[in-house]
Amino acid sequence: MIPPSFEYLRPSTVKEAVALLQQHGDAAKILSGGQSLIPMMKLRIARPEYVIDINRIPGLEYIKEDGGYLAIGGLTREADLESSDLIRTKFPIIHDTAGFIADPQVRNMATVGGNLAHGDPANDHPATMLALGAQIVATGPAGTRTIGIDDFFVSLFTTALKGDEILTEIRIPMPGPHSGGAYFKLERKVGDFATVGVAAQVTLDSGGLCQKAGVGLTNVGGTPIRARKAEDYLKGKKLDDSTIKQAGQLAADESEPSSDLRGPSDYKKAMVMELTRRALGRAGERAGK
Amino acid sequence: MAKQSIQVKVNGTERDATIEPRLLLVHFIREVLGLTGTHIGCDTSNCGACTVLMDGKAVKSCTLFAVQSDGRELLTIEGVAHDGQLHPLQEGFKEEHGLQCGFCTPGMILASYALLGKNPNPTEEQIRWGISGNLCRCTGYQNIVKAVQYAAAKMGK
């Protein structure tokens, strides 16, 4: 499959990249890892006239602790999340998520910024970032602004990023003591989009009761979904079998899957329930350690 | 649309070319450089037949533009053997019957090459994880895993 012709632009700073976006508007697309954009161009679903390759911009690939936050550079590769000790020890939920994305070769190119900015409800990081209460840092002509993750996913393939903004960083509050999270994904095979994915992050109090819970759902609606009823239900409760099962039921009720080649909607709802139960169970175990 | 000049080190040799930006890396490798050991299988980044190493990392060359390789180093299956000596991975695939039709083999070898570069002594599970982006429709993977184990053992000596 041959993609349509385009003009290739390779800025060396974020400022230059933003200026190119301003100049070319909707005719331009940012090339980050390219693992969604290039397949879409090959299928001619996407036909940008200008492709702005940000891969040579220095300083956008990092994973670090920064003033109570985990800061991840927008161009950070999935493979780097997968191999990061900081991620594995402090954010096992992100380690789980990165490992489920596509396959090793794709993860060497694919970026966390691209996974979010693409606005695809079938992508895996959105649910995890919803569960973690992340913030998105966008850089545009006037500088940077921060967008709360709850305001970020607007509709199918549409985010709160403006046409002249680039997602440059993801910021996640460092979890307190007795916190844990997990991501579960049901997929037909390695590399497939989720039939259903569930991200769960919990913080327990000293008595083992759930102080805070975040639950995000992948590929069961027009946008990634935050299961707020399930989250509210969990507060103040012990994460025993009946509680997490009930939370799973609430999350299933909040999901809006459509029937497609990955299964009918009632099956997917049942899988939301089961995966929520498993993700909360694993999150609770990790929080208790 | 403006063509782009690129310079890429391929299997140790500098290559220059002037190409359309839309040219995929796999087409550059096969048609411009004439290195047809890199295969096009699914053309949708599923099968891994087009796997090559870019700056030591395994990538699917059907899902990169050739311009993205400008200034980088590529390793294709043609660059794996040295001085007429098969690489231990190539030897392993031969000795352990890691191929039948051979179509997936270059991609399997490059993905395994990257894996052994990071992890010289992988467990069976880590080998299976390392080649999870490569499809083989002949062998059922058993002998491919054995081939990688053969190479790991030989390289560890």
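1. Two strands pair if DSSP finds at least two bridges between them. Strand β3 (residues 51-54) of chain B and strand β5 (residues 73-75) of chain B meet that with two bridges, running antiparallel. Strands (E, at least two residues) and helices (H or I, at least four) are DSSP runs, numbered from the N terminus. B:Leu53 stands opposite B:Leu75 in β5(B).

2. A note on the basis: this is a predicted model, in which local features need pLDDT of at least 70 and side-chain atom pairs count only at pLDDT 80 or more, while totals for chains, interfaces and linings use all residues. Residues are numbered from 1 along each chain as its sequence is written, and chains are lettered from A and ligands numbered from 1 in the order in which they are written.

3. The pair in point 1 belongs to an open sheet of five strands in chain B. The order is β2-β1-β5-β3-β4, with mixed pairing. β2 (13-19) and β4 (57-60) of chain B are the edge strands; each has a single partner, so one side of each lacks a neighbour in the sheet. Neighbouring strands are turned by 40° against each other on average, direction ignored. Axes here are lines fitted to C-alpha atoms, for helices over the stretch in contact; angles run from 0 to 180 degrees between N-to-C directions.

4. Helix α3 (residues 105-118) of chain B packs on this sheet. It touches β3 and β4 of chain B, and its direction makes about 35° with that of β3(B). Contact means C-beta atoms, placed from the backbone, within 7 Å.

5. Chain B as a whole has five helices and five strands. Along the sequence the pattern is β-β-α-β-β-β-α-α-α-α. Its radius of gyration is 15 Å, close to the 15 Å that the globule rule gives for 157 residues, so chain B is as compact as a globular protein of that length. The radius is taken over C-alpha atoms; the rule is 2.2 Å times the number of residues to the power 0.38. Of the 157 residues, 50% count as buried, that is, with 20 or more other C-beta atoms within 10 Å of their own, C-beta atoms being placed from the backbone. Among contacts between residues at least 6 apart in sequence, 59% join residues at least 24 apart.

6. Chain A is assigned domain 1 (7-52), domain 2 (63-173) and domain 3 (179-284). Such bounds come from an automatic or database domain assignment. The centres of domains 1 and 2 of chain A, over C-alpha atoms, are 19 Å apart. Their contact takes 13 residues from domain 1 and 18 residues from domain 2. Helix α1 (residues 14-24) of chain A gives the most to the domain 1 side, with five residues.

7. Chain A also holds an open, antiparallel sheet of four strands, ordered β11-β12-β13-β14. Strands β12 (residues 196-204) and β13 (residues 210-218) of chain A pair over eight bridges. A:Gly197 has A:Thr218 in β13(A) as its bridge partner. Helix α5 (residues 92-100) of chain A packs on the sheet, touching β11 and β12, at about 20° to β11(A). Helix α11 (residues 265-288) of chain A lies across β11, β12 and β13, at about 30° to β12(A).

8. Between the chains, 23 residues of chain A are in contact with 24 residues of chain B. α6(A) gives the most to the chain A side, with five residues.

Key: Contact = placed C-beta atoms within 7 Å. Buried ≥ 20, exposed ≤ 12 C-beta atoms within 10 Å, placed from the backbone.
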